[in-house]
Amino acid sequence: MSEVRAKGRIEIDRELCKGCELCISFCPRNVISVSDRLNASGYLPAVFNDDGECTGCAICALVCPEVAIEVYRG
Amino acid sequence: MAKVLMNGNSAIGEAAIRAGCQCYFGYPITPQNELTEYMAANLSRRSGCSFIQAESEISAINMVFGASVVGARAMTSSSSPGISLKQEGISYLAACELPAVIVNMSRGGPGLGSIAASQSDYFQATRGGGHGDYRTIVLAPSSVQELADLTHRAFDLADAYRIPVVVLGDGMLGQMMEPVEYAHEAPETLQVRSDALRGARGRPSRIVKTFTSNPADLERINWSLFRRYRLIAERETSFDTFLVDDAELVVVAFGIAARIARGAVKTVRAAGLRVGLLRPITLWPFPADVVRDSARKVKHFLVFEMNMGQMLEDVKLSLEGAAEVAFYGRPGGVIPTPSEIARVITRLYYQNGLRVDR
Amino acid sequence: MRKVYTRPALLKRAVFHYCPGCGHSIVHRLIAEVLAEMKLGDRAIGIPPPGCSVFAYDYLDVDMAESAHGRGAAVATGIKRAYPEAVVFTYQGDGDLAAIGTAETIHAANRGENITAIFINNAVYGMTGGQMAPTTLSQQTTTTTPYGRDTRLEGYPVRMSEIVAMVKGAAYVERVAVNSPANIRKTKRAIRKAFQTQLDGLGFALVEILSPCPTNWKMTPLESWQWVDKVMAVEFPLGVIKDVTGGEGAA
């Protein structure tokens, strides 16, 4: 719905993710949700919804215990 | 160089310094405090060296572990109860293949025991002592000179084979004052062991560890350690003999007991008894082959030790039934005299109908 | 767009064996970042404990040496005395540092050993299955306090940082947590300061980190992160407990 290009983008390594959902809890823009597809370890990983709201604040990466998130900004 | 009169404990310290010992970590316990104090006075003054009176014997052995990890010649010392405390640390050193020198000036046990000389830590020293399958080289000096020589040798053996080495003395050897000559000067620069962990500069990072979640890995490590132990047994077994060539009965004794036994052997020889003395110097590796070979000619052995019968088992294992083995032991820190041992030998000799030269 | 966050160079590419939501891997990551930023990676020697983090050496790409349980401060002392150029740090759990390792910790601090101690406090013994730790809270249920910790029989939660701070050789002691973005940033600053204390030769540095253990607390990751604030931090107040370094504070 926003016309402005997204300021940020993240990439979640779905095989590293253990579905702790902390990134989801702390994301200030609600751009992360739980996938409905299991990963190879049997977790439902987090998935990034690239709808233009991400600011690249990197809070998700900061809290991710698995270092599963890379963040892009700019 | 000239001989100096020193007590055993101090001689160990001087020898260690001359062997390039960089770190000493210890804790006071009778009867080895002269060693700790010697290191406090002399090691701490040497550039690059460290002396710490640690908060416990446990802490001290773990400090030795750390110093050894980074390639330093490190030692600790204690007496029986304190050596018990160090056993976990020694097991870790052995598992990680780290050199270290551990001096035990043993005293009477078990428990708090007595402060007098005893030899009741033989099992503890030669069977690993801590948990798991491992061995440490065990050197048993019999004089102040040997305390010095074997302390130096301990550092060399530890580095050569990446193994903890125990110098097993006792409270009497530690207190005795005898002339001692040092074959080496203290080194100008301290060596750093080649495989030391010194930070991952210009190479991949390394790990010194023992834990594995895969038993098969641990099995491999165990077999590897024991191949090395076999090599050490082939190369480093050491012993001394006195008048064994024509002996009908051989006394087997180590350390201070061997000093006493030597006097007894001289006495009984003067009375025409053909008695000899076999003195293991490495208690591990034990000179099993020597004992077994001597059973071709000698059918009677008397094991004399200041304990309830520990080396006795190694003698019996070595002989595999090829000869009679008698035992005389005095535990608790009681020091028998040469004449007492001479009486024991004499009784045994006659009771077995052995040949007497008149 | 440019990449603004990626795996730190000193963290090996390995899947963490820790439970979802565990604080260990966050602290590992912060240590890796700090060591790289301070260019200490090739001088660092880390000492992991027995415990969940025994495998820290599989993650941190620096030289590491195992220690017997509780003896990290003694091993670190031996390393630092024998090779002062090393930047040595222990990484210890609550049992390791505050139960079996109490003597080693207090005395290393007392001697002012120039080492850095990273102390992970999760109020429970994790790897062995959730038994009481010295830092277990009053009435907290663990497998060895199945009816809740009774302080009359089992003593009180130990405030190890405050105890260590009392010895003169301790130069910098701070308690932080890794249960929120703000706290994670503070933890990183505290870790950096703890290494700086060592570099400056000022004495013993201890960073106590309140860390969530969802599995043994029997909570979801988010619940456990909240429990750190709501319950743990009440008993173990966050903040600088001692700082004689004269440098900038972490908070």
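Which residue of β3(C) is the bridge partner of Ile207(B)? In this predicted model, the partner is Met64(C), and the legends below set that pair in its surroundings.

View 1. One of the residues involved is Ile207(B), whose bridge partner in β3(C) is Met64(C).

**View 2. The contact of chain C with chain B.** Two pairs of chains are in contact, and of these chains B and C share the most contacts; the contact draws 33 residues from chain B and 29 residues from chain C. On the side of chain C that touches chain B, at least two residues each come from β2 (44-47), β3 (63-65), α2 (72-82) and α4 (102-110) of chain C. The most is given by α2(C), which supplies eight residues to that side. By class, the residues on the side of chain C that touches chain B comprise 16 nonpolar, eight charged and five polar.

**View 3. Crossing of α3(B) and α2(C).** Helix α3 of chain B, residues 57-69, and α2(C) have axes that come within 6 Å and cross at roughly 45 degrees. The two helices, α3(B) and α2(C), are therefore oblique to each other, and their crossing is right-handed. From α3(B), the contact is made by Ser59(B), Asn62(B), Met63(B), Val64(B), Phe65(B), Gly66(B), Ala67(B) and Val69(B), while α2(C) contributes Ala74(C), Val75(C), Ala76(C), Thr77(C), Gly78(C), Ile79(C), Arg81(C) and Ala82(C). Sorted by class, the residues in the contact of α3(B) with α2(C) are 10 nonpolar, five polar and one charged.

View 4. Chain B contains 13 helices and 15 strands, and its C-alpha atoms fill a box of roughly 75 × 50 × 40 Å along the principal axes. The radius of gyration of chain B is 21 Å, which agrees with the value near 21 Å that a compact globule of 358 residues would have. Chain B does not touch chain A, the nearest C-alpha atoms of the two chains being 20 Å apart.

Definitions and conventions. Residues are numbered from 1 along each chain as its sequence is written. Chains are lettered from A and ligands numbered from 1 in the order in which they are written. This is a predicted model: local features need pLDDT of at least 70, side-chain atom pairs count only at pLDDT 80 or more; totals for chains, interfaces and linings use all residues. Two residues are in contact if their C-beta atoms, placed from the backbone, lie within 7 Å. Helices (H or I, at least four residues) and strands (E, at least two) are DSSP runs, numbered from the N terminus. Ala, Val, Leu, Ile, Met, Phe, Trp, Tyr, Cys and Pro count as nonpolar, Asp, Glu, Lys and Arg as charged, and the others, Gly among them, as polar. Two strands pair if DSSP finds at least two bridges between them. Axes are lines fitted to C-alpha atoms, for helices over the stretch in contact, and angles run from 0 to 180 degrees between N-to-C directions. Angles under 35 degrees count as roughly parallel, over 145 as roughly antiparallel, 65 to 115 as roughly perpendicular and the rest as oblique. A crossing is left-handed if the near helix is turned anticlockwise from the far one by less than a right angle, and right-handed if clockwise. The radius of gyration is taken over C-alpha atoms; the globule rule is 2.2 Å times the number of residues to the power 0.38.
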